[in-house]
Amino acid sequence: MRGPRVAGGPPVTRIDFYVDADDRLRVACRLAAKAVSQNLRVLVYAPDGDTATAVDRLMWTTPAIGFLPHVVAGHRLTAETPVVIARGAEDAPHDEVLVNLAAEWPPAFARFQRLVEIVSRDEDDKRAARGRYRFYRDRGYEIHTHNLATTAGAN
């Protein structure tokens, strides 16, 4: 769901920061699975090849007794698959949920209804997340923060 409209304009991207994550990739998989269960489509933005490969592998076993339907961008089933792992966000087959696994804000994030940022306990990751937070805040986006350490079973 997009956020409120600004002065009669188009809806604004809703931005959610999930902080204090034990494992960013596992949290990304859980949040993607939750979105899919709500009939939403997800683009996982992972411009780093190692991260993209790791999240792809993890989605084969998340949830532990199931399978999260996903493909890597460019696959012939990209348009029909609920979760797409991409190294670029510009050519996304939808505009619903964008999960950012990059250190910087993703390109074209504003075309999505919702942007999800996941922040681990690592100091470098926190520092990069603070920069993204400021970037979004300074542009007038409303930001919602969720502390995973205080949410039972979220990590």
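In this predicted model, Glu 104 is placed in the loop that joins strand 5 to strand 6. Its relative accessibility is 49%, so Glu 104 counts as partly exposed, given that a residue is called exposed over 50%. Along the chain, Glu 104 and Ala 128 are 24 residues apart, yet a separation of 7.0 Å is found between their C-alpha atoms.

The loop between strand 5 (97–100) and strand 6 (114–120) also holds Ala 108. The phi angle of Ala 108 is near 65°, which is a positive value in a residue other than glycine. Ala 108 has a relative accessible area of 34% and is therefore partly exposed. A second residue with a positive phi, although not a glycine, is Asp 20, where the angle is near 70°. Asp 20 belongs to strand 1, which covers residues 14–21. With a relative accessibility of 23%, Asp 20 is likewise counted as partly exposed.

**The overall arrangement**

The protein contains 3 helices and 7 strands. Followed along the sequence, these elements occur in the pattern β-α-β-α-β-β-β-β-α-β. Of the 155 residues in the protein, 43% are buried. The contacts also show how the chain folds back on itself: among those with a separation of 6 or more, 64% are between residues 24 or more positions apart. The protein exposes about 8,200 Å² of surface, and carbon and sulfur atoms supply 52% of this area.

**The packing of helix 1 and helix 2**

Helix 1 spans residues 24–37 and helix 2 spans residues 49–59; the two pack at an angle of about 55°, and their axes are 10 Å apart. Because of this angle, helix 1 is oblique to helix 2. Their crossing is right-handed. On the side of helix 1, the contact is made by Leu 25, Arg 26, Cys 29 and Ala 32, while helix 2 contributes Thr 51, Ala 54, Val 55, Leu 58 and Met 59.

Helix 2 has the buried residues Gly 49, Ala 52, Val 55, Leu 58 and Met 59. The cover over these buried residues includes helix 1, strand 2, strand 3 (70–72) and strand 4 (83–86).

| Pair | Residues apart along the chain | C-alpha separation |
|---|---|---|
| Leu 40 and Glu 96 | 56 residues | 6.5 Å |
| Ala 129 and Ala 102 | 27 residues | 9.6 Å |
| Glu 104 and Ala 128 | 24 residues | 7.0 Å |
| Pro 69 and Met 59 | 10 residues | 7.9 Å |

Leu 40 sits in the loop between helix 1 and strand 2 (42–45). Its relative accessible area of 22% makes Leu 40 partly exposed. When neighbours within four places in sequence are set aside, Leu 40 is in contact with Ala 35, Pro 82, Glu 96 and Val 97. At a relative accessibility of 30%, Pro 69 counts as partly exposed. Apart from neighbours within four places in sequence, Pro 69 is in contact with Thr 81, Pro 82 and Val 83.

Is Ala 129 buried or exposed? With a relative accessible area of 5%, Ala 129 is buried. Ala 129 lies in helix 3, which runs over residues 123–138. Neighbours within four places in sequence being left aside, Ala 129 is in contact with Phe 17 and Val 119.

Notes: Residues numbered from 1 in each chain as written. Predicted model: local features only at pLDDT ≥ 70, side-chain atom pairs only at ≥ 80, totals over all residues. Heavy atoms only, no water. Axes fitted to C-alpha atoms, helices over the stretch in contact; angles between N-to-C directions. Helix = DSSP H or I, 4+ residues; strand = E, 2+ residues; numbered from the N terminus. Parallel < 35°, antiparallel > 145°, perpendicular 65-115°, else oblique. Left-handed = near helix turned anticlockwise from the far one by under 90°. Contact = heavy atoms within 4.5 Å. Buried < 20%, exposed > 50% of the residue type's maximum accessible area, 1.4 Å probe, protein only. Areas by Shrake-Rupley, 256 points an atom, 1.4 Å probe, with all protein chains shown as cover.
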